[in-house]
Amino acid sequence: MAGTIALEQQKIEARDAFYTFGKIGLLSFGGPAGQIAMMHRVLVDEKQWISEERFLHALNFCMLLPGPEAMQLATYLGWLFHGVRGGVVAGLLFILPGACVMLALSALYVSFGQVPVVEGLLFGLKAAVLAIVLEALIKVGKRALTDYPAYGIAVCAFIAIALIKMPFPLVILIAGLFGFARYRLTNRVSPSLPDRTIAEPAARGAFQSALVWTMLWLGPLALLLAGLGQSNVFAAEAAFFSKMAVVTFGGAYAVLAYVAQQAVDYYGWLKPDEMLTGLGLAETTPGPLILVLAFVGFVGGARLSGFDPLTGGLLGGLTALWFTFAPCFLWIFAGAPFVERLRHVGWLKASLAAITAAVVGVIANLAVWFGLHVLFGAFQERLVGPLHLPVLDLAAFDWAAAAIASGAAVALIALRVNMLVVLGLAALAGILLHI
């Protein structure tokens, strides 16, 4: 198919690719690191459909993009095997199992969230989520903070988003510009690019794919905004999740604090502790963690659409899914033919390295935000100059939540217990406490 890169291996049958990516989608637990490792084991080691070098080539490209890198890697590899159709199938198979489970869990939450057993289960999950975010902060920090400027970027990003309340997209933009400026000051000679003839044969196919997926993404967005108005919950969700799809560098943890801030404080789609609930549910499902946005869309639609809760919730969840993942296909199909050129752009690498460092500060803010809500519940903020400082009621400290979160942190970080086991034990502890 036009626009794909020829593989050195034998032709891969479409049926084999379908079943293989379906298996990956069903078993893709453990966050992006585990999901990428699974794809590597299946496609490189077991099937030998692609070489180690080619796999890493694709992974490097996907890590430059906004959005869930593991889902985009599956899409890229599907495109590599069978063109645009293969990419669509592989990407959808990676998303659909987790999306279906997430919509079902969201429906159960909206319908039965006040049952004591369910409340206890969700209480345990929310406490364990704090430990999971801390583990993510440690892992990302080790990879991203390689020098003193990177540490400085991370600290500045934390202060900007946690204490000054700067918008997440602005923090990311400033970090990217800083990385670009630093590169230009320290690199006087631009890196050489491959011969232009490499990319030109694929340009027409890339343009056509980009046009189609841009229309599939922005066309429905325009219809919702024009037909329902910006105040409608579905139109607002479509616009908001479209914006998130453009700025979600660094994975789901990097953007969740901003999503929580906007969804809770600005739009009123859900309550602060419900964001924790959604993240806990998303951790138990296969697929990318960004599927938590389906929960956000579901709860918002259930409460504010005017339909009955399950109908409104389903429409809201589907809206979140479409406008979160449609741009991911656009990035892959438009950019994949030019990946060789993109990998040699030094200033872009420098900008994204700075963004990755800022992501550490953003995840630290997420850990603080979740920690305050888990351990103290609701709290006030006091404005001291430009800084928003939390005012905590020490008498409201939740010792049970602290105990579950501490146990989960020890199990995950020190003992390296499987995440699903930790979540199960935390949920059981929450149920026992409530009963």
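Which helix gives the largest share of the lining of the largest cavity? I looked this up before anything else. H9 does, with three residues.

**Ground rules**

I am working from a predicted model, where local features need pLDDT of at least 70, side-chain atom pairs count only at pLDDT 80 or more, and totals for chains, interfaces and linings use all residues. Residues are numbered from 1 along each chain as its sequence is written, and side-chain values use heavy atoms, with hydrogens and water left out. Helices (H or I, at least four residues) and strands (E, at least two) are DSSP runs, numbered from the N terminus.

**Entry: the cavity**

Rolling a probe the size of a water molecule over the atoms shows where empty space is left. I noted the terms before looking. On a 1 Å grid over the protein atoms alone, a cavity is a set of points where a 1.4 Å probe fits but cannot get out. A pocket is an open set with protein on both sides within 12 Å along at least five of seven lines. Lining residues have an atom within 4 Å of a point. Points are joined across faces, edges and corners, and a volume is the space filled by probe spheres set on them.

I found one cavity of 30 Å³ or more. The largest cavity holds about 50 Å³ of space. Its lining includes Gly67, Pro68, Phe241, Met244 and Ala245. Thr248, Ile290, Leu293, Thr324 and Cys328 are also in that lining. Helix H9 (233-247) and helix H13 (309-335) each give two or more residues to the lining of the largest cavity.

I then sorted the lining by class. Ala, Val, Leu, Ile, Met, Phe, Trp, Tyr, Cys and Pro count as nonpolar; Asp, Glu, Lys and Arg as charged; the others, Gly among them, as polar.

By class, the lining of the second largest pocket has 15 nonpolar, five polar and three charged residues.

**Entry: salt bridges**

Side chains of opposite charge can pair when their charged atoms come close. My cut-off for a salt bridge is a side-chain nitrogen of Lys or Arg within 4 Å of a carboxyl oxygen of Asp or Glu. For exposure, buried means under 20% relative accessible area, exposed over 50%, and partly exposed in between (1.4 Å probe, protein chains only).

How many salt bridges does the structure hold? I count three.

Lys165 and Glu381 meet at 3.2 Å, N to O. Lys165 lies in the loop between H6 and H7 and Glu381 in strand E1, so this pair ties together parts 216 residues apart in sequence. Lys165 is partly exposed, at 28%. Glu381 is also partly exposed, at 40%.

Asp147 and Arg182 form a salt bridge at 3.4 Å, N to O. Asp147 sits in the loop between helix H5 (116-144) and H6, and Arg182 in helix H7, so the pair ties together parts 35 residues apart in sequence.

Arg303 and Glu274 pair at 2.5 Å, N to O. Arg303 is in helix H12 and Glu274 in helix H11 (residues 272-283), so parts 29 residues apart in sequence are tied together. Is Glu274 buried or exposed? Glu274 counts as buried, at 3% relative accessibility. Arg303 is partly exposed, at 41%.

**Entry: contacts across the chain**

I checked Leu304, in helix H12 (residues 292-304). Leu304 and Val233 are 71 residues apart along the chain, with their C-alpha atoms separated by 6.4 Å. Pro169 is in helix H7. From Pro169 to Val255 I noted 86 residues in sequence and 9.1 Å in space, C-alpha to C-alpha.

**Entry: positive phi**

Most residues other than glycine have a negative phi. I looked up two with positive values. Gln48 has phi near 55 degrees. Gln48 lies in the loop between helix H2 (31-46) and helix H3 (52-63), and is exposed at 53%. Arg416 has phi near 60 degrees. Its place is the loop between helix H16 (399-414) and helix H17 (419-434). Arg416 counts as exposed, at 72%.
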